[in-house]
2 protein chains.
Amino acid sequence: MVESQTRQLDTVFHALADPTRRQMLQALAGGERTVGQLAEPFAMSLAAASKHIKALEQARLIRREVRGRTHVCRLEPAPLASAHEWLGFYERFWAGRLDILEQLLRAEAGRKSEGEKK
Amino acid sequence: MVESQTRQLDTVFHALADPTRRQMLQALAGGERTVGQLAEPFAMSLAAASKHIKALEQARLIRREVRGRTHVCRLEPAPLASAHEWLGFYERFWAGRLDILEQLLRAEAGRKSEGEKK
DNA sequence: GCAACACTCAACCAAATGGTTGACTCTCTC
DNA sequence: GAGAGAGTCAACCATTTGGTTGAGTGTTGC
């Protein structure tokens, strides 16, 4: 299950590594879109766009509902949350420096106000 | 510059899409590591591991300092922060639902405790 | 100064990626 | 029911990726 989580991150980060797919996600942030609508902004064949959409689908970043002859896609945010959480682990490395700075400032402030017991 | 940011996200997400490279980052979260130390846990040649390290370096996720014959790597968190921030845009999509759920629960609780003014 | 060490580099290979085109399957509309 | 529309599928192609091995480059230590 750690294994499967690893694979999930593999496919999610791989899906996010392509600018076309990231743009598609941003389009979907505006609401449901058909395959045709998602493909339209790009200078590539519909088949190529369809492959990108499939990659997003396999990463479970989107879900597809077939309505008649059109396929409507919508954002499925859970894997994005996982990726966000994974990155959050490293937050201390870019925020941590601020924390250390803060500690130093507190210590400095503490030394200045020494003796004045609350 | 939007262009360059896009490319940066490309390389960062691509670097993160590989489990070997993610493990290397986690090792580096524990502090500085040499190329040999980073490569050691993996059942692959040093040359292969070196390529992974170069991928991390090109994504600016790590920095390398040459000390004599050893190359010491350390985490460079800024691009992780960018990726985290990019994902953060979608937070409303997974947090929003929880908000709605929360509202429903509150409404439910409110209905149950109707009349019992605090 | 020479052998071992810590790596990188280059050439090579198989598999995956990202694109194309053409044929095919449904579905809708007239 | 025939044609147009929406989209997938399969075959193909060039490029990239992720690995290998073997040789090469500095550095260190005896």
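Where in chain A is the place of Ala59(A)? In this predicted model, Ala59(A) sits in the loop that lies between α4 (46-58) and β2 (62-67) of chain A. The residue counts as buried, because 22 C-beta neighbours fall inside 10 Å, against a threshold of 20 or more. When neighbours within four places in sequence are left aside, the contacts of Ala59(A) are Thr11(A), Val12(A), Ala15(A) and Pro79(A).

The arrangement of the two chains was examined next. Two copies of a chain are related by a rotation about an axis and a shift along it. Here, chain A is superposed on chain B by a rotation of 180° with a shift of 0.0 Å along the axis, at an RMSD of 0.0 Å. This relation is that of a two-fold axis. Both copies use the same surface, as 100% of the contact residues of chain A recur in chain B.

At the interface, 23 residues of chain A are in contact with 23 residues of chain B. On the side of chain A that touches chain B, the elements giving two or more residues are α1 (2-16), α2 (19-28), α5 (78-88) and α6 (91-112) of chain A. The largest share of this side, seven residues, is supplied by α5(A). By residue class, the side of chain A that touches chain B comprises 16 nonpolar, four polar and three charged residues.

Technical notes. Residues numbered from 1 in each chain as written. Chains lettered and ligands numbered in written order. Predicted model: local features only at pLDDT ≥ 70, side-chain atom pairs only at ≥ 80, totals over all residues. Helix = DSSP H or I, 4+ residues; strand = E, 2+ residues; numbered from the N terminus. Buried ≥ 20, exposed ≤ 12 C-beta atoms within 10 Å, placed from the backbone. Contact = placed C-beta atoms within 7 Å. Least-squares fit on C-alpha atoms with pLDDT ≥ 70 in both. Nonpolar A, V, L, I, M, F, W, Y, C, P; charged D, E, K, R; others polar.
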